[in-house]
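Hi,

Here is the structure I promised to pass on. Have a look at it first, and my notes follow below.

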Amino acid sequence: MKLQVKYVERPQYNRTLASLAGLEPMKDLPLPYDGPEFEMPLMIFSGIPDAKLSLLLNALKSYDRCRFPLKAVMTETSRNWAAAYAYLHIRAEHMALHPEEQQSMQPATGQDS
């Protein structure tokens with residue numbers, strides 16, 4: 001299975017998923033994204049048939065060095081989302097499904113309990 005992978009740099013987090021996936025032209029934006037870095041890795045899939053996506057996800061599970069807790073398939077709705085917005089949405093959904101991970105994501109307070 002041949003796939004094209006694109007690593008998105010932080011300044012591009014304000015671009016739409018469709019433009020990052022090459023499905024629409026990159027539009028000039030007034031300023032690059034200057035918000036925080038994503039706390040968790042995110043992988044968005046686009047244009048992969050369901051059967052191949054299932055094979056890919058199973059392969060990723062078996063490969064210990066490739067951990068992407070946040071994964072999603074680009075939809076007609078999400079294609080117009082900025083990457084930063086998609087991250088917040090997908091992360092909130094992930095945390096709702098995996099509340100045990102919220103404890104590990106809390107910043108240290110420096111105080112002993």
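First, a term: buried means under 20% relative accessible area, exposed over 50%, and partly exposed in between, with a 1.4 Å probe and protein chains only. This is a predicted model, where local features need pLDDT of at least 70, side-chain atom pairs count only at pLDDT 80 or more, and totals for chains, interfaces and linings use all residues. Numbering starts from 1 along each chain as its sequence is written, and side-chain values use heavy atoms, with hydrogens and water left out.

S19 counts as buried because its relative accessibility is 6%. S19 sits in helix α1 and, setting aside neighbours within four places in sequence, is in contact (heavy atoms within 4.5 Å) with E24, P25 and M26.

As for the overall layout, the chain has four helices and two strands, in the order α-β-α-β-α-α along the sequence. Helices (H or I, at least four residues) and strands (E, at least two) are DSSP runs, numbered from the N terminus. Of the 113 residues, 27% count as buried.

Now the charges. The whole structure has one salt bridge, meaning a side-chain nitrogen of Lys or Arg within 4 Å of a carboxyl oxygen of Asp or Glu. E39 pairs with R91, with the closest N and O atoms 2.9 Å apart. That pair links distant parts of the chain, 52 residues apart: E39 is in the loop between α1 and β1, and R91 is in helix α3 (residues 83-97). E39 is exposed, at 53% relative accessible area.

R15, in the segment before α1, is buried yet has no salt bridge. What is the nearest side chain of opposite charge to R15? D28, at 5.6 Å; here Lys and Arg count as positive and Asp and Glu as negative, while His and the chain ends are not counted. Beyond neighbours within four places in sequence, the contacts of R15 include W81, A82 and A83.

Last, the largest pocket holds about 960 Å³ of space. Of its 29 lining residues, V5, K6, V8, M43 and I44 are the closest to its centre. A pocket is an open set of points on a 1 Å grid over the protein atoms alone, where a 1.4 Å probe fits, with protein on both sides within 12 Å along at least five of seven lines; lining residues have an atom within 4 Å of a point. Volume is the space filled by probe spheres set on the points, which are joined across faces, edges and corners. β1 gives the largest share of the lining, four residues.

Cheers
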